[in-house]
Amino acid sequence: MSESTFVIAGQELASYGFPNGHPFGPERYGAFMSALERSDCFADLELRAPRLATREELQYFHDPRYVDRVIELSARGSGLLDAGDTPAFPGVFEAASLVVGGTLMALEGIVKGPRRRAFIPIGGLHHAVRDQAAGFCVFNDCGIAIHAARRRYDIRRVAYVDIDAHHGDGVFYAFERDPDLVFADLHEDGRFLYPGTGSRSETGRGSAEGTKLNVPMPPGADDAAFRAAWEEVERFLDAARPELILLQCGADSVAGDPITHLRYTAEAHAHAARRLAALADRHANGRLLAMGGGGYNLANIARAWTRVVEELAS
């Protein structure tokens, strides 16, 4: 039922978009919302406006000195937040804080209920590390949400699932030694795509060994390959019995993306959302938070994210 699901929405989310023809531009939000509004599920969805994250919330994951640097470059309106992919622009601090605040609102909503499934389109910024931006990602809302689930709601066993074409390295390495963060990531093989990480051998360290699953996919992998790989992911998650599931559903794994080489259709994203909703119902009191992640073909974003919401709401 659509009454189970809400979407974090508001034109202000489009402010997290880089100017001057950057692949992660401000038009991504509007492309998605135009498609969602045409979906049969739209009338029964609840839309909730995002809020700004507090500095304390940003520092659940990020180093205070890095937060200071984002504030400084945001006020200046220029400079680089990483080696070159993530430029500062006027107001980038507020824009990135709004993404984090929206993700935290989604988390609060699914924990407190009654709606147990949520989607935020401009979220899932999985490359940012504790002291630096990376790969178009200023603040890592995924990592912040994991810490918030534990600090605020006493949810320890969290599953993070990532189907973006790029490996979720900012999440993986931050929680590589955390046995209660169950990590499953299907991504284009790092030998062919940024960030070059996420090999099969990376399964966690110390007491967390075996709690992380990386599934590199070859360039050109299609829906059949995705579904075959997904079976392993689902068995892994089912055995872990998470109390909360986070999905980063980047649409850059859909055929036709200008900077990646996978060839899924939006039905791969629908399949992941549908199966994770069933797992959440089984283990996590229904709690499933999906974040849009990457994607640089507007038609792919519109279709893949809309299919995710339709499956969450079904």
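Select Phe-172: its relative accessible area is 0%, so Phe-172 is buried (buried means under 20%, exposed over 50%, partly exposed in between, with a 1.4 Å probe and protein chains only). The model is predicted: local features need pLDDT of at least 70, side-chain atom pairs count only at pLDDT 80 or more, and totals for chains, interfaces and linings use all residues. Residues are numbered from 1 along each chain as its sequence is written, and side-chain values use heavy atoms, leaving out hydrogens and water.

At a relative accessible area of 35%, Tyr-173 is partly exposed. The structure holds 18 aromatic pairs. Rings of Phe, Tyr and Trp (its six-membered ring) pair if their centres lie within 6.5 Å; planes under 30 degrees apart count as stacked, over 60 as edge-to-face and the rest as tilted. The Phe-172 and Tyr-173 rings have centres 4.9 Å apart and planes at 90°, so this pair is edge-to-face.

**Along the loop: Glu-176**

Move to Glu-176. This residue sits in the loop between α6 (169-174) and β5 (181-188). Helices (H or I, at least four residues) and strands (E, at least two) are DSSP runs, numbered from the N terminus. Is Glu-176 buried or exposed? Glu-176 is buried, with a relative accessible area of 12%. Now show what Glu-176 touches: Gly-204, Arg-205, Ala-208 and Lys-212, not counting residues up to four places away in sequence. Contact here means heavy atoms within 4.5 Å.

**An aromatic cluster**

Select Tyr-16, Phe-18, Phe-24, Phe-89, Phe-136 and Tyr-296 together; they form one aromatic cluster. Within this selection, pick out Phe-18 and Phe-24, both of which are buried. Their ring centres lie 6.1 Å apart and their planes meet at 85°, so the pair is edge-to-face.

**Zoom out**

Show the whole chain. Its secondary structure comes to nine helices and eight strands. The C-alpha atoms fill a box of roughly 50 × 45 × 40 Å, taken along the principal axes. Of the 314 residues, 62% count as buried. Among contacts with a separation of 6 or more, 76% come from residues 24 or more positions apart.

Finally, colour by charge. The chain has 33 positive and 43 negative side chains, and the centres of the two sets lie 4 Å apart. Lys and Arg count as positive and Asp and Glu as negative; His and the chain ends are not counted. Each charge is placed at NZ of Lys, CZ of Arg, CG of Asp or CD of Glu.
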